[in-house]
Amino acid sequence: MRPTIKTIADLVGVSRGTVDRVLNNRPNVKPDKQQKVLDAIRTLNYKPNMAARALAMNNRKVRLGVLYPLWEGHFTEEISRGIADAQTDMRLYGVEIVTRQVAGTLPDDFLAGLDWILGHEVAGLALCAVNSIAVVERLRDITRAGTPVVTFNSDIADCGRACFVGQDRYKSGRIAAELLAKLVDAGEPVLVAAGNLEFNGHKDRARGFCDRWAELGRGDIYGNILQTYNDFDLTYGKIADALAARPEVRGIYMGNESAPACVEAIRRSGLRHRVKVVTHDLSPAHIRLLRTGEIDFIIEQNMYYQGYRPVEILTNLLVGGTPVQEEMEHTRISIVTAENIEQP
């Protein structure tokens, strides 16, 4: 992942404003801090977008729009944090960001969100949305009209978007199957849960898991893929019902961030530590359950970067004239256990 102004600031322990002053050779920076910033710039091979800086100095203003689901918890917190930091950094280039979170899950909900953002006359758009015919057609109209689109977290490949930023979800699902296969014996059934299969990211995870599970000769996946819509009560009810019907289940793949509800259902079923769980995302709740042994593996995807990077890509394109370099920018797939967790 390419370094940002925030990367340098965090490494050195200074503010982003200090890094910007050093990059622009402005005064009021202590010599020792300036040297540390310069050393970090060399170490990270950071290359500021000079064209963007020149245009920003001419006071050109660019408005970008970001649209994404209003999911409670880690997803919204990390994506929003990345967007907020990008807003701070890209303001140097005359960029303003308008954001809209969509509370519903229907295509019409996202279309309404798109209408709201387009009403603010944005020059570029970043979004995470459901993959529906209506949404795809609207995005095609937007890109044909000359507005660049970057998808993040869940891709919509055939909408004319410039690129996608996020994890390779199909591959991460395959890795989850590989991990769970090491925890349960052959012939022991497992459950697969997803958030909302209308999001390509959720569907690709589940598809990757099922494909790899079949390749490993582990064909016993109980029932259909459970759609839980990242809702605690719905997740708890569906997992509890499945465990009551088949208490011999020994593994659950939680392809969303509702693992706490899954663990609670396991506890109340009297199967604590007998059912192995593989899930995603380093939320505080997941970290606690990883340490208690009630989650066995977490597959991390760096959602902060998925909020930050699309804004940076659009800024480079629209302000600096830098073409999009890659159609797919995949974040690293990291496997986290109780032994290598670094968060407090």
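## Sorting residues, and a pocket

Before we start, here is how residues are sorted: Ala, Val, Leu, Ile, Met, Phe, Trp, Tyr, Cys and Pro count as nonpolar, Asp, Glu, Lys and Arg as charged, and the others, Gly among them, as polar. Also keep in mind that what you see is a predicted model.

Now try that sorting on the second largest pocket, whose lining divides into 6 nonpolar, 4 polar and 3 charged residues. That lining has 13 residues in total, and the ones that lie nearest the centre of the pocket are Glu72, Tyr229, Asn230, Asp231 and Phe232. The space inside this pocket comes to about 330 Å³.

The largest cavity holds about 90 Å³ of space. Look for Trp71, His202, Arg205, Glu257 and Asp281, which lie nearest its centre among the 13 lining residues. Sorted by class, the lining of the largest cavity comes out as 3 nonpolar, 6 polar and 4 charged residues.

The second largest cavity has about 40 Å³ of space. Val263, Ile266, Arg267, Arg272, His273, Val275, Gly293 and Glu294 line this one. That makes 3 nonpolar, 2 polar and 3 charged residues around the second largest cavity.

## Two helices that cross

Two packed helices are described by the angle between their axes and the distance between the axes. The crossing of α5 past α13 is right-handed.

Which residues of α5 and α13 make the contact? On the α5 side you'll find His74, Phe75, Glu78, Ile79, Arg81, Gly82, Ile83, Asp85, Ala86, Asp89 and Met90. From α13 come Met303, Tyr304, Gln306, Gly307, Tyr308, Val311, Glu312 and Thr315. By class, this contact is made of 9 nonpolar, 5 polar and 5 charged residues.

## Rings that pair up

Search the whole structure and you get 7 aromatic pairs. Take Phe209 and Tyr253: their ring centres are 4.8 Å apart and their planes are at 10°, so this pair counts as stacked. Phe209 sits in helix α9 (residues 200-215) and Tyr253 in strand β8 (residues 251-254), so to speak a link between distant parts of the chain, 44 residues apart.

Most residues other than glycine have a negative phi, and most peptide bonds are trans. Asn45 has a positive phi instead, at about 55°. You can find Asn45 in the loop between α3 (31-44) and α4 (50-57).

Asn302 also has a positive phi, near 60°. Its place is the loop between β10 (297-300) and α13.

Technical notes. Residues numbered from 1 in each chain as written. Predicted model: local features only at pLDDT ≥ 70, side-chain atom pairs only at ≥ 80, totals over all residues. Heavy atoms only, no water. Left-handed = near helix turned anticlockwise from the far one by under 90°. Helix = DSSP H or I, 4+ residues; strand = E, 2+ residues; numbered from the N terminus. Contact = heavy atoms within 4.5 Å. 1 Å grid on protein atoms, 1.4 Å probe; cavity = no way out; pocket = protein on both sides within 12 Å on 5 of 7 lines; lining within 4 Å. Points joined across faces, edges and corners; volume = space filled by probe spheres on them. Phe/Tyr/Trp six-rings, centres within 6.5 Å; stacked < 30°, edge-to-face > 60°.
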